[in-house]
Amino acid sequence: RGCLPPFHVSVAMSTFTSLRSSARRAVVNASSRVAANRAARVGGVVPALAARSFSEKSSYEKDVTPMQGKVSQVNLYDGHYSDHMAAAQSKVRIHTYGEGGDLGQSSWMSVSELDGMIEKLNITSASKVLEVGSGAGGTSVYIAKKTGCTMNGVELNPHGVETGKKLAEMEGVKDTCSFQVIDASKPLPFADGTMDAVFCNDTMCHIPGRQQVLEDWKRVLKPGGKMVFTDAMVISGMVSSEDIATRSSIGLYFYPMLGENEKIIAKAGFKLVAAVDTTPEASEIAKRWHDSREMYKAELKEPEENFQGLQKFLYSVYSLLHNRQLSRIMYIAEK
């Protein structure tokens, strides 16, 4: 309880400060290692990107991207693409799409379905492929790695394009897999007859002027080239105004009647090869996505209002597909 001389007090305080700083650095380093180890355990093509931590301000609240000039009531794409690399998002996707099924997708497509589409499009290492609505880039990267082809991704959302470029570099395909911010409702910046295939997964539903869009796809395709697109908005039963409002809460949508897409494909000058009903699989994915987000809610750190809005949206997708009020159909056609 006696007093130390001033020199000893100074030494003691200096030693205490040094120890406290060392302890703080140790805690930070340990936390970084834990985050890195947790990120390394996630599956699919995105583990190297998964260590990114959340920013203090939610990605669902900043840099919001309008869809054809329309700002959505509930934000899915900005947050999903910006936080695509976070461990919590990867956990949700793995639970939704299964081990090895995480491509970073925000859609109703599984890896097995994608593999089937690659086969239907006859994609090889010599192919040049256009993906319309490339999202966060995971699908283009997967196709490029699997087949050795050249991928050209176009996407309206700049967050998706930024993430796609990073992913392509980290997965070693930046020289064969490129991404551009492009409004796919406008004529595409590619020369006539330069593409072997056009791929579009669950994006056509957002794009206005469907016949003109398909005519432009036909223009860029080589003779005999194929295109595939999926549409989860095909009206096949009774839907209410409330159903439409909830299903459209994340952006602009177009709802064709059953059989309408086949007519538009023919008018655009394509020969329909197949129309495959994938509704049951899409319904199951929507339900798992909903449930996995609930499971990892605390880790997702989304604004509560937006989280609940997305949960309502996802359950609506599940319910409408499960009850066959809407159907998801894959269309394959040839030039």
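Two strands pair if DSSP finds at least two bridges between them. The exercises below use this on a predicted model.

**Exercise 1.** Which residue is the bridge partner of Val198 in E5, and in what sense do E4 and E5 pair?

Solution. Start with the residue: Val198 has Met227 of E5 as its bridge partner. Next, take the strands, E4 (residues 195–200) and E5: five bridges join them, in the parallel sense.

**Exercise 2.** Find the strand that runs antiparallel to E5, and state how many residues of E5 are buried.

Solution. E7 (residues 326–334) runs antiparallel to E5, with eight bridges between them. Within this pairing, Ile235 lies opposite Leu326 of E7. As for burial, E5 spans residues 221–235, and twelve of its 15 residues are buried, leaving the strand mostly covered.

**Exercise 3.** Why is helix H3 described as largely enclosed?

Solution. Count the buried residues of H3 (residues 87–97): nine of the eleven are buried, so the rest of the structure largely encloses the helix. Among them are Ala87, Gln89, Arg93 and Tyr97. Just after H3 comes Gly98, with a positive phi of about 90°.

**Exercise 4.** Where does pLDDT stay under 50?

Solution. Begin with the chain, which averages a pLDDT of 84, with 78% of the residues at 70 or above. Then locate the segment: pLDDT stays under 50 over residues 1–55. The model has 49 contacts beyond four places in sequence for these residues. Where pLDDT is low, the predicted coordinates should not be read in detail.

Terms used
Residues are numbered from 1 along each chain as its sequence is written. This is a predicted model: local features need pLDDT of at least 70, side-chain atom pairs count only at pLDDT 80 or more; totals for chains, interfaces and linings use all residues. Side-chain values use heavy atoms; hydrogens and water are left out. pLDDT is the predictor's confidence in each residue, from 0 to 100. Contact means heavy atoms within 4.5 Å. Buried means under 20% relative accessible area, exposed over 50%, partly exposed in between (1.4 Å probe, protein chains only). Helices (H or I, at least four residues) and strands (E, at least two) are DSSP runs, numbered from the N terminus.
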